[in-house]
Every structure is written in structure tokens, then in C-alpha cells.
Amino acid sequence: MILDVKVHGRIVTMDPARPEARCLGVWGGRIAGLDEEVADLPARRVVDLGDAVVLPGFVDAHNHLAWAGRAARTPDVSGCATAAQVLDVLRAAPRTGWLEAAGYDHRVLDRPLTARDLDTVGTRVYLQDVSGHACVVSSDVLASLPASVVGAVGPNPTGFLAERAQTAVRELIQPYSVADIARDVRAGAEQCLREGVVLAAEAGVGAGLTGSGALEVAAYQRDPLPIRVQLMVSADELRAVRAHEADGVRRALPLGLRTGLGDEWLSIGALKLWTDGGMIARTAALTEPYAGVGGVGQFQDDPEVMRAAILDGHAAGWQLAVHAIGDRAVDFALDALAEARAAVDRPDARHRVEHCGLVRPDQLDRIAELGVIPVVQPTFLWAYGDDYAAIMGEHRAPWLYRGRAFLDRGVVVAGSSDRPVADGNPLRGVQFMVERRSSGGLPVGADEALTVHEALAAYTIGAAYACRVEHSLGSLTPGKLADFVVLDRDPRQCEPARIAETTVLATALGGDFRHDPGGLAT
């Protein structure tokens, strides 16, 4: 055998059977062997990385590629400190139709914006909240919404719309063209590649909160992408089907499409369901009110509608990815998943709770018992931890985006970013999991801290397991895909406060150095 590539460096495999190596051989896009297994084999190309560190490529188990790409090309108001500055940015923005802008965060402004403010900019203005769960729109947009939506918002609407009301606005804007979606997806994928991510799970295509149009999947098929992508399909796409009674399927995607279809580059992942909102928008569903601001958030839809989607999706053979941030939403998700499992026995369903943002102590054992995988976003607490801790109060703040409590119960933890809601850099997430400190230096749930190795595992083998691809990704093990990231130092051996500063020197997929700005592989 002649290897395609032989890589020399400080190799951290994340495989407990063989934790480290100095040489890795690649043949046919997969790892042919390590050290003595490939030492005597010739190679068409030899790459000597010196003291650079090689890790398995990162897996981002919850990402929004299309949204990230679109946000990068729309006006960004995240750097504004006043309402007047936001309006200046919007007035200066070029436009040909709808004016979309990103990065709105009323918490950091001198006052919230209203529809009347946006009316001074022009017509059809859509200003998306940084959380993705809310927006502010101009008066003409409010007037275009169905009466049922406006009525649900209440009398004298200000232009601020959350959850289902925001989705109604997005339905007015859409569909985006397949060409535009494909361009945005590629831009999001290239961001991931530069940060060492080799697989991104797109958290919701089709209808609903994060979809981009009825032909969205075609955009992912349009051109080869630089990374591997797994698509979560919105549960709003379920349709009643006339199936044989032996199959026990009431609703499904047309033709019975479900989790697992596809190849190593593009595949269908979980069925995505939303049960509540987000903490930035104060719509995450809680059992106790938000400290200082009141309210307990909201469910995303009628509980019976959400419950039916979970039961039907499970019965149809889907892995489920249930968005639940507040502890009341986590209760709902666990109840419905337990009911689904009791109705149809599927031992390796591997259902996930996306975010699992606020988990009470009494919920921990139940998560372990059900085999649910928490898909967490540690960078949320780095970016927004000061605010989250304040609105949760002293007794609930330690329950936010847990780590240690899950691992101690044998629960697999999957790391992710929810890009572009927060920094997509996996190493930023790793640093927070170790330090448990916000960007402002505030400790948030210090008892939930992980070791660096455990945090790296969340973004490699843990996230791969959540995406059902642990047989091919997550560790540098012979037979798996030769997807790896090259770092300028070992995150396990530097100061925890500097982990996020680690430089990604290169990212390789199938042994092909697709991100290699320094020419390491030449």
C-alpha cells in the first residue's frame, strides 16, 4: 500500500485506547494507521508539522450556517450603544427591497427601538434580535401580519415581536432564492473551516424559526461544501401519511425520509422541535419568574401540538432534537420523550435536548435515565453570562448550561455554538467549560467546570455521538475519516485563560488540507 498522506506531529487522538501518536497515515480519505502501523509504508506526500498539535476535527452539533452567512452580509448593529446609532446604521445601509439587519440587543442600548423609530428609516424594515427569537419591525410590516398574530401580541404593538410572531414576519420575507441561500451556507461553512470545524449540524431547515425557504435543502446540494454538513429538519414539515398499520406511523416527511439518509458529506440528522424561546428575549420557559424583570417566558406553541410532534417523530424513526432552554421547557421535553419511548421502544433513539440551558438538580437524574443528550452552548455564558446570572438570581445561576453534573451521571455532553448567536470558535467554548467565567470575569456555576480533556471531548467524540457519526468522526482512530485540526499549541498544556487564543494552523478533511493559510501541507 502507498499512503496518500503521512502526517508527523504531536497527535492527540481523543481515543482512550491510544491517546497519543507521532505519525498518522491516510489512505482513501481515512486513517490507515498510527505510528508503527504505517511507519514502513511509503506515502505520496509527507507533511511534517513539527511541534504543532493535531486533534480530531471539531464537530459543532448545533449551528446555523445559512443564518450565519446571511448575518455576515447584512447591516450589523451589535456595536451600537444607543438607539440613535442603530438608526444611523440602518439609514446608511444599501437596500433594494426589505431592509434586514442583525445584532439588535435592547439590553445594551439606552432604550429599545419601536416600529415608529424604524418608520423613519423606510418601509419593510426587519431588525433581528441577537438571540434569533425576536425582532423589531416597521409599522407597515405590522400592518401586513395576519390579525391573529397581531391580536396575540396585544393592543398597541410596539413593533417588538417574539417567537411565533417573528416567524410570521420571516414568512413575509421568504423565500430566499436557492442561489442566495447557497452563498450564505458556503460563507457559514468557510467560517467553520477556519475554526477547525469539520462537521456542522444545521439546526433547522424548512419551515419554522430558522428556515430559509421551501427549497432550502437544494441550496446545500447546489455545490460541494468545504466541510461536512448534517441537516436537522423542522418538525413543522411533518405531514400526515397513509402508512401500513404495522408501521405505526401517523406523520412523516414525504416518502418516509428520516434521520440517517445521505453520505459522509451531506446527510439528514435529527428532527428539530422548538418548545420555548430564549433567555436574551426573556421567552425561555421557566418555573419561577425572571429575577428583576418578572414573567416566566412562554412555550413556543400549544403544548398538545408540540407533544404530538414528539410522539409522531419518534414513531416515524427520527432522532429528535428538542429545543428547550428554560427548566419548564426541559420538564416538558423530558415528559414527552419519556411518553414517546414508552409508546414505541427504540433503544438507540439517541434523542437530544438542544441548549438544556437551565437544569434544576431534580432534573439531572431523569436526563440520565432517559439517555438524553444535552447539546450545550458554553459560549452563551461567556458572551451573556453576566446577564443570564442576573436574571436567574443567585440560587439558579449555578444551574446554567451544566457540564460536571452531566458527566458525573454518565450523560454524554455535546458541545456546539448556535452560531451566529454567539462566537462559533469551539476553543472559546472549551475555555468556558474549563474556567466557567463570563467575558466580564463573573464566575457562573463554578462547580460545573470540566477538565480541558473533558471539554475537548464534548466538541469531538461527544458531539459526534450526538450526531450519530461517532463511527467515523470524533477521534483519530484507524478506520475513521482523516478529519483533523492543527493547532499551534496543546490546549491541555496552556493557561486555561489562553485556550481561546490558540491558533488554528490548518483544517483537514479526508486528509485534504482545506484550510492551510501558512502552507503547512505544501
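Begin by selecting the buried residues of α10, and then show what covers them, which includes α9 (303-315), β15 (320-324), β16 (352-355) and α11 (361-370). Please keep in mind throughout that this is a predicted model. The buried residues themselves are Asp327, Ala329, Val330, Phe332, Ala333, Leu334, Ala336, Leu337 and Ala340. If you now select the whole of helix α10, residues 327-343, you have 17 residues that reach 24 Å from the first C-alpha to the last, close to the 24 Å expected at 1.5 Å a residue.

Next, select helix α1 (residues 65-72) together with helix α7 (residues 178-194), whose axes come within 7 Å and cross at roughly 95 degrees. Because angles of 65 to 115 degrees count as roughly perpendicular, α1 and α7 are therefore described as roughly perpendicular to each other. On the α1 side, the contact is made by Leu65, Ala66, Ala68, Gly69, Arg70 and Ala72, while α7 brings residues including Ile181, Asp184, Val185 and Cys192. The residues of this contact divide into nine nonpolar, three polar and two charged.

From here, move to Tyr220, which touches Leu65, Ala66 and Val185, among other residues, when residues up to four places away in sequence are not counted. Tyr220 is also one of the residues with the most contacts inside the largest nonpolar core, which has 138 residues, and Met279, Ile310 and Trp318 are among the others. To see the helix that gives the most to this core, select α15 (residues 452-466), which supplies nine residues. Finally, select Leu24, Val54, Leu476 and Ala521, which are included in a second, separate core of 20 residues.

Key. Residues numbered from 1 in each chain as written. Predicted model: local features only at pLDDT ≥ 70, side-chain atom pairs only at ≥ 80, totals over all residues. Heavy atoms only, no water. Axes fitted to C-alpha atoms, helices over the stretch in contact; angles between N-to-C directions. Helix = DSSP H or I, 4+ residues; strand = E, 2+ residues; numbered from the N terminus. Parallel < 35°, antiparallel > 145°, perpendicular 65-115°, else oblique. Contact = heavy atoms within 4.5 Å. Nonpolar A, V, L, I, M, F, W, Y, C, P; charged D, E, K, R; others polar. Expected span 1.5 Å × (residues − 1). Buried < 20%, exposed > 50% of the residue type's maximum accessible area, 1.4 Å probe, protein only. Core = buried A, V, L, I, M, F, W, Y, C linked by side-chain atoms within 4.5 Å.
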